[in-house]
Amino acid sequence: MSEELVMPRLSDTMEEGTIGRWLVHEGDSFSEGDVLAEIETDKATMEFQAYDAGTLLKILVDDGQSAALGSPIAIVGDAGESVAEQPSATPDADDQPAEEAQEKPAAKRSRSAAKPAAASNGSSDGTAALKVSPIARRMADQAGIDLSALAGRGSGPEGRVVKADVERLMEGDPSPETSAAAPPPAVAAADSELRELTPMLKAVAARMAQSKQTVPHFYVESEVDMTRAMQLRAELNEGLADRGEKISVNDLIVRASALALLEHPQAHRSYVDGRHAYHPHANIGIAVALDDGLIVPVVAAADTLSVRQISAATRDLAGRAREGKLKQREIEGGTFTVSNMGMFDVASFEAIINPPESAILAVGATMPRPVVLDGEIVPRQIMRVTLSCDHRACSGADGAKLLKTIKRYLQAPSLLLA
């Protein structure tokens with residue numbers, strides 16, 4: 001018996017997905033575990049795998065087209081089975097009750113569905129006067145925004161407050177009803193070319209705006225003498241050349257950060273709903289620049305990995321990130337991030353924290369500079385680093401101690417090999 005194949009939840013913040021390409025065509029049979037399509041989410045391009053065997057009877061959403069979470073994208077069934085009629089599209093996930101949005105994808109899994117489990121999207125506790133979609137409610141709660149002034153004035157059906165309304169408030173552009181002094185809307189120059197944001201860029205924009213508005217950032221900066229670390233790296237790469245391995249400066253920084261984080265649990269905890277979450281392992285995100293966006297794959301339990309293992313994991317994650325082949329679990333669960341722009345000849349910068357992480361290390365270029373050492377002026381390889389911290393999770397002293405320990409490991413790099 002035929003049934004709908006619906007757009008699955010492949011990201012915890014996903015609201016819709018775009019079919020990158022179908023790998024199975026109409027009339028083709030597939031087995032359990034086969035990749036049916038590649039779907040572009042707000043975070044990455046994910047593989048859409050089948051749970052059960054069947055036949056793809058009809059494609060409802062073609063390559064390049066988007067569909068809301070839970071909407072039908074194809075019809076599957078038995079070989080030779082006829083399709084009576086095209087099923088009607090389901091309501092947009094942002095305007096469904098929370099229970100319905102969660103149950104519909106699960107109900108379609110009897111034939112085939114994506115392997116990543118659906119995540120809860122929160123629930124709406126809106127009253128008759130204040131109707132709020134689950135996504136809008138969750139965003140408002142996280143940002144500490146009171147939506148009562150938007151009762152009946154949302155841009156959704158029957159005045160329902162939806163995601164766009166909350167984003168407008170987060171961007172400082174409240175509706176006339178909520179502010180008498182609303183800032184003028186941004187207007188592009190007449191000769192500008194307007195392009196729609198990709199799902200990934202939309203997610204980055206919303207998440208970074210939310211972080212800067214809701215997370216109290218503070219910054220500590222230091223300079224690291226990388227002379228010995230660069231010498232160690234050269235020695236390692238010379239010895240590993242025959243094996244095709246290569247250690248990067250970033251690999252050493254990730255290793256140093258992982259070890260330091262375990263030494264300073266006060267700086268390696270997250271502020272979550274008024275409580276502190278302590279992390280047993282340092283799951284370190286590596287910021288990877290894409291042609292049109294940014295993604296942060298995570299090196300899980302980096303504190304348990306050697307420099308060579310970190311190097312191999314980082315190369316693998318970065319390579320698959322650029323190919324759009326990361327798995328959901330590889331972009332979640334980070335507890336700290338390293339953002340390195342040294343390769344772009346950037347001296348220093350301040351990075352925005354990626355909640356619920358409590359800190360991110362911004363790394364500049366390593367440059368030769370004259371310094372005073374033992375009373376003499378000598379050339380040394382100096383790298384500037386800036387640590388951004390969430391003041392709700394760690395104090396200024398906690399952040400300073402963490403950065404000092406990272407610096408100690410990098411300036412005595414043999415400790416990274418222990």
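1. Basis. The model is predicted: local features need pLDDT of at least 70, side-chain atom pairs count only at pLDDT 80 or more, and totals for chains, interfaces and linings use all residues. Residues are numbered from 1 along each chain as its sequence is written, and side-chain values use heavy atoms, leaving out hydrogens and water.

2. Val204. This residue sits in helix 4 (residues 199-214). Helices (H or I, at least four residues) and strands (E, at least two) are DSSP runs, numbered from the N terminus. Val204 counts as partly exposed because its relative accessibility is 26%. The cut-offs are under 20% relative accessible area for buried, over 50% for exposed, and partly exposed in between (1.4 Å probe, protein chains only). Asn354 is 150 residues away from Val204 in sequence, yet their C-alpha atoms are 9.8 Å apart.

3. Helix 5, length. Helix 5 (residues 227-240) has 14 residues, so at 1.5 Å a residue it should span 20 Å. The expected span is 1.5 Å times one less than the number of residues. The end C-alpha atoms of helix 5 are 20 Å apart, which agrees.

4. Helix 5, packing. Its buried residues are Thr227, Ala229, Leu232, Asn237 and Leu240. They pack (contact means heavy atoms within 4.5 Å) against strand 9, strand 18, helix 6, helix 7 and helix 8.

5. Strands 4 and 5. Strand 4 (residues 35-40) pairs with strand 5 in the antiparallel sense, over five bridges. Pairing needs at least two DSSP bridges between two strands. Four residues separate the two strands in this hairpin. Val35 has Gln49 of strand 5 as its bridge partner.

6. Strand 5, faces. Met46 and Phe48 make up the covered face of strand 5 (residues 45-49). Thr45, Glu47 and Gln49 make up the uncovered face.
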